[in-house]
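Let's read a structure together, one feature at a time. Have the sequence and the model open beside you as we talk.

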Amino acid sequence: MAWLSLDDLVEDWSQVESAPEKLEVFFTEDLWPPDWSVLEAEEWADGSLHKPNGDICNEDVELFCSKAWTGMLITIKMAFVSTLIGFMFAVPLASLAAGNLTPLPIAIPARIILAGLRSLPSIIWALLFAIALGFGPLPGILAMTLYTIGYLGKLQYEAMEGISNAPLESAMAMGLTHSERLVHVVIPESSNHLLSQLLFMFEYNVRHGTVLGLVGAGGIGMYIDNYINPPFAYDRAFALLIVVFVVVVIIDLISMFIRSFVTEEGDVKRPKWWTVLLPAGTAADYYHKFSKGKKSDTSIGESE
Amino acid sequence: MVGEGESSGSVEATQADDSQALVLQDLSVGYNQPLISNINKKIMPGESIAILGPSGIGKTTLLRTIAGLIRPLSGTISHDYPDRSGIGYIPQRLGLVRHSTVRSNISIGARSRCSKWYPALFPLPSELKNDVDSAMESLNIMDLADEPVRILSGGQQRRVAIARTLIQKPRIILADEFLGELDKDNVKSIIEATRKVVDDIGATLIMVEHHEERAIEMADRIWRIKGNQLIEEGDLNQ
């Protein structure tokens, strides 16, 4: 069935045959090797070093004046601000959309608002804001914020609906209000999911900030846009994409570290910060060795 | 304790201060079909009642209906309990917030004593914070105050659930098989702690129990569900 649909969609299969060859040419002639000059400051004709905005580079480390560093820093700041603001709006909206917290007449309009916000891709929001406000980081931040509310709100109301009913029922029986149940029961109970989604959204916005740069929203995407347009410098664009990849991996590691405090595995004693990368059992073994046979106290319940 | 031939639960049989009683009148509970029908009972303040019956017969449904979590199929439940903090409900799975600390869990119960306009993000008033500490002390869980509930043993978690209910100062406590499958020693200490709480705050206790001997140890009256009828144990003995 899928094959038939695919065959129906693809009119000319011969284009697939030449694809590997074209890709190889593109990769060997245009992309490889990456041009790492993007990690250096710009050297002007008089030999002075400058930042991408033309300011003189006074940093001890040249990297801090490079396009990769300054662009990535702007992209990370944009992603951070829009993720945080988006999160602050997404949580209350998600709580109104969650079926176990709110009656349907309220939940359905809240879900429609969230669906509306995420049905326009952030690049379209960025275009709209760029038309209204001009180029720069602000349209990018607004675009990512709106998309974050829609996307994160959806993930969050599903996480909220997934929590155990028992604590909610206890809170309802004792007469707690919607906001009290949200703050003291639902958010702590779904903290692992909410935190994971928040960090994923930050990572998503960093990646997406790269794309938004293409429509003039600033950040590292703006430099990538410059390099993939005439005069083409794909090797430099490739180097910047590798930088984005490395940053995404680092964010993923930080996310694992932060989440390790709210998961069940957070109860396992970890002697070094990097042991959050290990499964709980392996980390516990390491802890035993590290503490030279000192008795483990992984769980108060177990120790009874 | 259950006295032989006691049948003080029926609406007709009571004469004490009716205004403070919990009255179930012509009550039918269930989801689509009635699980228990035609319940007519009056429960006076300070009474302890255990509900017995096989699994799936509607014991939990009755408790949830009294707690106001599901609507009765017919009949009425009347009481003068306050909207907030009047009812303490301990579900089968205890209803604790697993990722929160012991102190935070007990504070949830204390919050029900604040006005409903008291902002959810504000910390508890200091007198309630002191009450939280006293509740933890009285249930011997003070040393676990800052531990997340998920790492506690079953017995410790039950103490937290009781402390959360104690601090509410509810007029009625609805407990659904909250002793679970604990060992004898733990059951004994939890029963003692619960009895103390119930006596201290003068609350009514309605509990669903699986183990008959525990029910007899804790309750003044026993209701047994047979078929789809709720029968007072005293009536059976007559």
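Q: What should I know about the model before starting?
A: This is a predicted model, in which local features need pLDDT of at least 70 and side-chain atom pairs count only at pLDDT 80 or more, while totals for chains, interfaces and linings use all residues. Residues are numbered from 1 along each chain as its sequence is written, and chains are lettered from A and ligands numbered from 1 in the order in which they are written.

Q: How many helices and strands are there in chain A?
A: Helices (H or I, at least four residues) and strands (E, at least two) are DSSP runs, numbered from the N terminus. Chain A has 14 helices and 2 strands. As for burial, a residue is buried if 20 or more other C-beta atoms, placed from the backbone, lie within 10 Å of its own, exposed if 12 or fewer, and partly exposed in between. Of the 304 residues in chain A, 37% are buried.

Q: How are two packed helices described?
A: Two packed helices are described by the angle between their axes and the distance between the axes. Axes are lines fitted to C-alpha atoms, for helices over the stretch in contact, and angles run from 0 to 180 degrees between N-to-C directions. In chain A, take α8 (residues 165-173) and α9 (residues 178-189): they pack at about 170°, with axes 10 Å apart. That makes α8(A) roughly antiparallel to α9(A); angles under 35 degrees count as roughly parallel, over 145 as roughly antiparallel, 65 to 115 as roughly perpendicular and the rest as oblique.

Q: Which residues in α8(A) and α9(A) meet?
A: Two residues are in contact if their C-beta atoms, placed from the backbone, lie within 7 Å. From α8(A) come Pro167(A), Leu168(A) and Ala171(A), and they meet Arg181(A), Val185(A) and Glu189(A) of α9(A). For classes, Ala, Val, Leu, Ile, Met, Phe, Trp, Tyr, Cys and Pro count as nonpolar, Asp, Glu, Lys and Arg as charged, and the others, Gly among them, as polar. The contact of α8(A) with α9(A) has 4 nonpolar, no polar and 2 charged residues.

Q: Why is α8(A) largely enclosed by the rest of the structure?
A: Count its buried residues: 8 of the 9 residues of α8(A) are buried, so the helix is largely enclosed by the rest of the structure. Among them are Ala166(A), Glu169(A), Ser170(A) and Met172(A). The cover over the buried residues of α8(A) includes α9 of chain A, along with β5 and α2 of chain B. Just after the helix, Gly175(A) takes a positive phi of about 85°.

Q: How many residues of chain B are in contact with chain A?
A: An interface can be read by counting residues on each side. Here 33 residues of chain B are in contact with 27 residues of chain A. On the chain B side, the elements giving two or more residues are β5 (87-90), α2 (102-111) and α4 (154-168). By class, that side has 14 nonpolar, 11 polar and 8 charged residues.

Q: What is the order of strands in the open sheet of 6 strands in chain B?
A: Two strands pair if DSSP finds at least two bridges between them. The order is β5-β6-β7-β3-β8-β9, with mixed pairing. β5 and β9 (229-232) of chain B stand at the edges with a single partner strand each, so one side of each is left without a neighbour in the sheet. The twist averages 20° from one strand to the next. β5(B) runs parallel to β6 (residues 172-176) of chain B, joined by 4 bridges, and Tyr89(B) has Leu174(B) as its bridge partner in β6(B).

Q: Is Gly86(B) buried or exposed?
A: Gly86(B) counts as buried, with 20 C-beta neighbours inside 10 Å. Gly86(B) is in the loop between β4 and β5 of chain B.
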